[in-house]
Amino acid sequence: MNIDSIQNGIVIDHITAGQGMKLYELLHFDELECSVAIIKNVSSKKMGKKDIIKVDADIPVNIDVIGYIDPDATVNIIRDGVLAEKMNIQMPSVLTNVIFCKNPRCITSTEQELDHVFRLTDKENKVYRCVYCETKAERNL
C-alpha cells in the first residue's frame, strides 16, 4: 500500500484500532474537498494495531471530538512537508454539540436551538453526563 506524504495538513495518529471511521464521521471529514486517507489496522510496536487519518489540507480540527473518541491519539500538524507541531490529546471536561442527549424528557428535546452540553463526571470510566438532565451519554464506540 502506498500513501503519499502530505505537504500541508494534519495527521491524526495513534488512534485505537477500529476508531478511525468514528472520528472521520464526527469530524465531518466526508464534507472536505481535499484528499483524506484512513488507514486501518496499521501495525504498531506501541499499540499492536492502530488507525491513522491523514488530511491533505491545513484545516481546523475539533480537538474535543478526538479527546472524546480517543484521548490517547496524537495530532500532528504538517507544514511544508515537515512536522510543525505535535499535540497530545486529553479528554475534554465539557463537550458541546459533539454528542446528543437521548433522554426524551430533556429540555434539549424540545428546545431545538439549545446546545447539547455534556460534562465529564468520571474520567476513569470516561463517563459524560448531560448538564441539563444528568443523563449518562451512551458510548457507542
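User: What volume does the largest pocket have?

Analyst: Keep in mind that this is a predicted model, so every value here is computed from it. The largest pocket comes out at a volume of about 380 Å³.

User: Which residues are the closest to the centre of that pocket?

Analyst: There are 21 residues lining the largest pocket. Of these, the closest to its centre are Leu26, Tyr68, Val98, Ile99 and Phe100.

User: Which helix gives the largest share of the lining?

Analyst: Two helices each supply at least two lining residues: H1, covering 20–26, and H2, covering 63–69. The largest share is 3 residues, and that comes from H1.

User: Moving to the largest nonpolar core, which element gives the most residues to it?

Analyst: This core has 30 residues, and those with the most contacts inside it are Ile12, Leu23, Ile66 and Tyr128. Elements giving it two or more residues include strand S1 (9–16), H1, strand S3 (48–55) and H2. With 4 residues, the one that gives the most is H2.

User: Which residues does Leu23 touch, leaving out those up to four places away in sequence?

Analyst: Leu23 is one of the residues with the most contacts inside the largest core. Beyond its sequence neighbours up to four places away, Leu23 touches Ile12, Ile15, Ile53, Val65, Ile66 and Ile69.

User: How many residues are in the other core that lies apart from the largest one?

Analyst: Among the members of that other core are Ile6, Val11, Ile39 and Ile52. Its total is 5 residues.

User: Why is S3 described as largely enclosed by the rest of the structure?

Analyst: Look at how many of its residues are hidden, where buried means under 20% relative accessible area. S3 is largely enclosed because, of its 8 residues, the number that are buried is 6.

User: How many bridges join S2 to S3?

Analyst: Strand S2 spans residues 36–44 and runs antiparallel to S3. The two form a hairpin with 3 residues between them, and Ser43 stands opposite Lys49 in S3. The number of bridges joining S2 to S3 is 7.

User: Over how many bridges do S1 and S4 pair?

Analyst: S1 is mostly covered, with 7 of its 8 residues buried. S1 is joined to S3 by 5 bridges in an antiparallel arrangement; there, Ile15 has Asp51 as its bridge partner, and Val11 stands opposite Lys54. With S4 the sense is also antiparallel, and the number of bridges is 5.

User: Is Asp13 buried or exposed?

Analyst: Asp13 is found in strand S1, and its bridge partner in S4 is Thr74. Not counting residues up to four places away in sequence, Asp13 touches Lys50, Asp51, Ile52, Ala73, Thr74 and Asn76. Its relative accessibility is 13%, so Asp13 counts as buried.

User: How many Å apart in space are Ser35 and Asn88?

Analyst: Ser35 lies in the loop between H1 and S2. Leaving aside neighbours within four places in sequence, Ser35 is in contact with Lys54, Val55 and Asp56. Ser35 and Asn88 are 53 residues apart in sequence, and their C-alpha to C-alpha distance is 24 Å.

Definitions and conventions: Residues numbered from 1 in each chain as written. Predicted model: local features only at pLDDT ≥ 70, side-chain atom pairs only at ≥ 80, totals over all residues. Heavy atoms only, no water. 1 Å grid on protein atoms, 1.4 Å probe; cavity = no way out; pocket = protein on both sides within 12 Å on 5 of 7 lines; lining within 4 Å. Points joined across faces, edges and corners; volume = space filled by probe spheres on them. Core = buried A, V, L, I, M, F, W, Y, C linked by side-chain atoms within 4.5 Å. Buried < 20%, exposed > 50% of the residue type's maximum accessible area, 1.4 Å probe, protein only. Contact = heavy atoms within 4.5 Å. Pairing = 2+ DSSP bridges.
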